[in-house]
Amino acid sequence: MYLPDPRLYARVNAQNPIIRLLMSLLTESSSALVQQKREELTALLADTLAIQDHAALNAAMTQAPSLDAYLELWSLLRAAVENAPKNAEHYAIPFAIPVILVAGFKGTTELAGQLSDVDAVLALLKQHEVISPDADVWLSAKLVHAETLASVNPSQLSQWRDQLQYASGGLPLDVNTSPMPLKDEAVFLRYLVGVAMQNKDAAPAIKLGGNLGAWGMQLANLIGEQLNTNGVTLFPIPRTPMPWLTAGEAGRETQLETRLQLMASNALRSIRSKGRTPVICIAAHENAEIRITFSTIEDAERWEGFVWPLSAWDHVEKIHQYAVELFRECMVSDIRIIENVQPNMDSDQLPFFVTAHIKAVVQH
């Protein structure tokens, strides 16, 4: 049994030239013509980026008529932004390092909004050749919020790539960081952002993506030391440097997975400490959310809920698989997958959750 996808997609808008070419690509059966149409769509996206028409790009993304259509368009747009421009001797590579901060504190406090020694982070990345030792690279000490990262659109990124000449000036981005308020426990998502200058035919100035390697723990420890706050238990989880748009997706997914892990650990420990039997219910809801509840057979009143808001690029089946594997590792035998899309609100206009005792709505 699999979770249904609760998201609603737009009808095909044949008046939109990007959507029209996208659907022609997706419905083409000839491999030669598929390649030709992909190149045509890539060229159209590049032209749209060149004139900084973010409104047209945003309209196309929001009008994608299916998940497959969205993912194809998003992949081509990312490539158009992140790949080296043709015939360029010198170009900039904006990048971001997602950092998950799992923090615990008895009471209320706050974590600093920036690192105290970003040069040490840069030195570590150069030591392990994640960044070329002689590369012209700038890395900000500020821990950037996900909303700030998302505020930079593909048109701006392509402009930075083509127009920035030196890394030393940083990025033309207004980053107003602030301390992270912490009460009891939290899973924060922040980014270290930077820019590397790349010369044509030279070795890569920065290695993007891939696995952390042995240096990952060193980076985690370094970040933890710089954000050390009296009484706070802190576990930093950094990822590798990534292209800007890719980093936004990866950071969000890692944060949600980490939050679910933390909640599962706490909820199941509490349930089992009372000698009760845990029941996990996983359901898709009308407002494009996956909701997961932790309840028990013995108690109809007490339960906890977790919400995974679906982004445009989320795969429902992957979230389903991740959650089920997590709960199996936690030795939960009663995992219930709800096969129908559930309502957003109940009859009292409160968010609706399925539990061991609150039955799923069967739609006819």
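Me: Which residues touch the most other members of the largest nonpolar core?

Reply: A nonpolar core is a set of buried Ala, Val, Leu, Ile, Met, Phe, Trp, Tyr and Cys residues joined through side-chain atoms within 4.5 Å, where buried means under 20% relative accessible area (1.4 Å probe, protein chains only). Here the largest has 47 residues, and Leu41, Leu45, Leu77, Trp160, Tyr191 and Trp244 touch the most other members. One caution: this is a predicted model, where local features need pLDDT of at least 70, side-chain atom pairs count only at pLDDT 80 or more, and totals for chains, interfaces and linings use all residues. Residues are numbered from 1 along each chain as its sequence is written, and side-chain values use heavy atoms, leaving out hydrogens and water.

Me: Which element gives the most to this core?

Reply: Helices (H or I, at least four residues) and strands (E, at least two) are DSSP runs, numbered from the N terminus. In this core α4 gives the most, with eight residues.

Me: What does Leu45 touch?

Reply: Contact means heavy atoms within 4.5 Å. Setting aside residues up to four places away in sequence, Leu45 touches Ile18, Leu57, Leu73, Leu76 and Leu77. Another core, of 38 residues, lies apart from the largest one, with Val99, Ala103, Ala141 and Ala196 among its residues.

Me: And how many helices and strands does the protein chain have?

Reply: There are 10 helices and 10 strands. Of the chain's 364 residues, 49% are buried. Among contacts between residues at least 6 apart in sequence, 75% join residues at least 24 apart.

Conventions. Buried < 20%, exposed > 50% of the residue type's maximum accessible area, 1.4 Å probe, protein only.
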